[in-house]
Amino acid sequence: MTEWARWRRLLRHNGERRLLVLSGSETWAMAQADALVDDNGGGHCLWLGQAPADRESCPQGKFQGALGREYSSLVFNAHSGLHPDAFGASAGALEAGGVMLLLCPPLASWPTYTDPDLSRYVALPEQAAGLYSHFLHRFSTLLQQDTSVLIWQQHAHFPSLPALSRVFWQREPDRRGCLNHQQRQALAMMLQAARRRRPLVLTADRGRGKSSLLGLAANRLLNAGYRVLLTAPSPGAAAQVLAHCDGPLDFMAPDALLAHPPQADILLIDEAAAIPVPMLLTLARRYCCLFASTEHGYEGTGLGFQLKFQPALTELAPDWQKVHLDIPARWSTQDPLEPLVFRLLALGADPATPPPPGELSLRRVNRQQLLEDDELLQRLFGLLTLAHYQTRPGDLRHLLDAPELSLVVAFRAETPVAAALLTREGALPPSLSQAIWRGQRRPRGHLLPQSLAFHGGISEACRFRYQRVMRIVVHPQCQHQGIGSRLLGWLQQQLQHDECDFLGASFGASPELLDFWQDNGFGAVRIGLSRDGVSGLHAAMMLWPCSIAARQALPLWQGQFSANLAFYRRGLLRERPDDGGHRLKLLPPAASATRDRDIAHDFAFGHRDLLCDRPALVRFTLSNVPLTPLSRRQQELLQALLTPGAMPAEVAQQQGLSGHKAATQQCRLLLRHFFPVPSET
């Protein structure tokens with residue numbers, strides 16, 4: 001393979017990267033990849049998925065742990081499953097001159113292959129057997145259409161190596177640490193904006209060096225005596241910024257910044273598109289902010305950031321500036337791998353510009369239609385990215401492959417302007433329903449019935465049938481025209497004739513969203529007890545009844561929720577001024593003594609949750625006498641554990657217990673005093 005080694009050297013010379021597909025049996029593909037990597041003369045190589053026994057490998061689901069460095073060769077074994085997020089992320093870790101080797105089954109039969117990654121898109125692993133993958137059909141088709149892709153099929157000759165440009169590519173940082181003129185200009189604008197206390201937004205696709213620029217700017221500002229803070233959706237997302245800053249740059253999570261804002265002159269916000277717009281605006285009111293955001297990438301899309309946040313920032317600070325980087329910092333501008341990955345994972349999917357106001361048509365769109373019309377797929381996926389602040393490549397596979405998903409779209413002149421993504425849930429077998437209620441099972445999916453059963457204390461929730469609205473989105477240029485409500489109204493009308501009991505949703509309980517869902521007839525049945533670490537919001541669950549049985553059950557569930565909420569508001573759900581809980585339309589509290597007893601029994605003898613069950617446990621213990629007496633110390637411990645707002649770990653520390661688990665176990669043992677001892681069988 002001297003020709004291969006010579007070709008690899010030329011690839012490193014011109015800074016491009018390539019994809020080589022090895023299509024055939026896993027044994028054959030691994031052996032060929034092993035030899036090709038060796039022929040490259042070593043270098044840093046990353047294997048994702050199954051690898052030969054003498055090579056280290058990283059499971060695809062743990063791909064984040066393999067990032068943070070660059071690799072000259074990357075082997076992605078799709079026989080272990082094609083995890084879209086791992087594929088996109090690892091491609092970004094391939095250095096200039098690198099080759100990505102994709103091992104896969106024969107291309108013609110790949111969509112029917114029992115891909116291990118499919119199990120992530122079904123509730124039970126056995127449901128993945130026999131599924132046809134529309135995602136892999138599209139993926140393999142695009143691979144075969146791209147002339148830059150090398151395809152080596154088993155029982156065929158090694159592909160001819162294409163001629164490469166001999167233009168030399170070199171990456172050399174200047175004295176400021178910048179790699180090109182765009183970075184130098186952006187750094188100067190960032191420092192000027194900081195000195196003038198004007199917001200600045202830095203946008204780029206991956207690999208353009210925006211995070212390193214934030215670090216370089218932080219270093220210069222700290223040396224000049226400014227107090228600088230850094231925030232990002234997670235500490236890992238801020239790692240590159242910290243790596244390029246020599247000074248003492250403090251990191252704080254967004255929710256911590258909102259709860260306890262420290263003094264600072266400048267706030268750097270990396271991956272701003274992955275932080276909800278209301279949080280960004282609150283931070284912009286408190287600090288002079290330099291925002292940096294990936295426009296497209298495996299971390300999530302920046303489209304919502306562009307269409308929602310930037311107009312709001314204009315109202316807040318009309319003199320804000322924007323700078324964009326499009327010159328790659330880590331590979332040549334002629335690199336063909338990045339645009340290929342964008343096409344494969346729809347990373348550049350954008351919604352179409354809506355036409356002028358006119359008639360709406362609403363209809364379902366199925367997977368086959370998306371597969372046959374890639375432009376429609378791109379437009380709809382781009383539209384759906386606006387409904388959530390973090391959309392990943394895995395969401396594309398979910399859309400194309402998850403069997404329980406359905407899509408309803410509002411078109412104006414055949415241009416999609418709104419969409420609702422739904423998933424079927426519930427109707428679970430009695431044995432599984434009971435195990436979920438008792439805290440013994442937690443299958444993937446079925447968010448509404450599982451949460452209502454286990455966290456909400458509604459034992460019958462799992463037997464009902466649900467359609468959960470995972471995402472509902474209206475193009476920003478078409479909002480405030482009643483289109484979202486019209487979309488929900490169409491669904492409500494349709495589902496009354498389908499085999500469905502509830503139309504439901506779970507979302508961050510902002511005042512605006514609470515008003516939207518309640519104005520459309522949905523009733524609240526649960527509020528999460530903790531805040532989301534990024535949005536700072538509690539999750540709300542709301543339902544609209546489709547069937548007679550649902551219309552009978554919902555008021556009972558809402559009455560129990562009202563009774564529980566009154567208890568939580570004395571402790572874990574004390575309201576902040578910016579909360580929307582006061583907007584909830586509640587039925588009068590109406591707890592059931594029978595339901596409370598069932599919860600108390602299965603908390604005592606099962607694995608139910610103390611914080612969620614606490615309202616029912618308090619009502620039960622106040623209305624019932626222990627069958628075997630409790631000592632004074634046991635009474636005090638039980639009272640401490642059932643006090644509104646008390647955290648089990650804190651009670652454990654006060655009572656000399658080892659921690660949260662020990663405190664919860666003590667509570668179970670104390671509750672058993674209220675019930676007969678189960679007979680042994």
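Helix H16 (residues 447-454) has seven of its eight residues buried, so it is largely enclosed by the rest of the structure. Those buried residues are Leu448, Pro449, Gln450, Ser451, Leu452, Ala453 and Phe454. Please keep in mind that this is a predicted model.

From here, let us turn to the sheets. One of them is an open sheet of seven strands with mixed pairing, in the order E12-E13-E14-E15-E16-E18-E17. At its edges are strand E12 (360-364) and strand E17 (523-531), each of which pairs on one side only. On average, and with direction ignored, neighbouring strands here are turned by 25 degrees against each other. Helix H17 packs on this sheet and touches E12, strand E13 (405-412), E14, E15, strand E16 (502-508) and strand E18 (538-545). The direction of H17 makes about 45 degrees with that of E12. Another helix, H19 (residues 548-568), lies across E15, E16, E17 and E18 and runs at about 35 degrees to E17.

E14 and E15 are antiparallel partners, joined over nine bridges. Ala420, for example, has Ile472 in E15 as its bridge partner.

Most residues other than glycine have a negative phi. Ala427 is not a glycine, yet its phi is positive, at about 55 degrees. You will find Ala427 in the loop between strand E14 (415-426) and helix H15 (430-437). With 47% relative accessibility, Ala427 counts as partly exposed. His480 also is not a glycine and has a positive phi, of about 65 degrees. His480 sits in the loop between strand E15 (465-474) and helix H17 (483-495). Its relative accessibility is 83%, so His480 counts as exposed.

There is also an open sheet of six strands, with parallel pairing and the order E8-E7-E9-E10-E6-E11. Its edge strands, strand E8 (250-251) and strand E11 (321-325), each pair on one side only. Strand E7 (residues 228-231) runs parallel to E8, and two bridges join them. Leu229 stands opposite Asp250 in E8. Helix H5 (residues 181-196) packs on this sheet, touching strand E6 (200-204), strand E9 (266-269), strand E10 (288-294) and E11. The directions of H5 and E11 make about 160 degrees. Helix H6 (residues 210-223) packs on the sheet as well, in contact with E6, E7, E9, E10 and E11. For H6, the angle of about 160 degrees is made with the direction of E10.

Elsewhere, strand E1 (residues 18-23) pairs with E5 in the parallel sense over four bridges, and Val21 stands opposite Ile151 in E5. The side chains of strand E5 (residues 150-153) alternate.

Next, the nonpolar cores. The largest one has 62 residues, and Leu503 and Leu671 have the most contacts inside it. Beyond its neighbours within four places in sequence, Leu671 is in contact with Ala600, Phe603, Ala604, Leu617, Phe620, Thr621 and Leu638. Another core, of 58 residues, lies apart from it and includes Tyr71, Leu337, Leu377 and Leu399.

Finally, the charged pairs. A search of the whole structure finds 32 salt bridges. In one of them, the side chains of Asp115 and Arg397 meet at 3.3 Å, N to O. Asp115 lies in the loop between strand E4 (94-104) and helix H4 (134-145), and Arg397 in helix H14 (residues 393-401), so the pair ties together parts that are 282 residues apart in sequence. Both Asp115 and Arg397 are buried. Arg397 also forms a salt bridge with Asp117, with the closest N and O atoms 3.2 Å apart. Asp117, too, is buried.

Arg583 counts as partly exposed at 35% relative accessibility, and Asp515 counts as partly exposed at 24%.

Definitions and conventions:
Residues are numbered from 1 along each chain as its sequence is written. This is a predicted model: local features need pLDDT of at least 70, side-chain atom pairs count only at pLDDT 80 or more; totals for chains, interfaces and linings use all residues. Side-chain values use heavy atoms; hydrogens and water are left out. Two strands pair if DSSP finds at least two bridges between them. Contact means heavy atoms within 4.5 Å. Axes are lines fitted to C-alpha atoms, for helices over the stretch in contact, and angles run from 0 to 180 degrees between N-to-C directions. Buried means under 20% relative accessible area, exposed over 50%, partly exposed in between (1.4 Å probe, protein chains only). A nonpolar core is a set of buried Ala, Val, Leu, Ile, Met, Phe, Trp, Tyr and Cys residues joined through side-chain atoms within 4.5 Å. A salt bridge is a side-chain nitrogen of Lys or Arg within 4 Å of a carboxyl oxygen of Asp or Glu.
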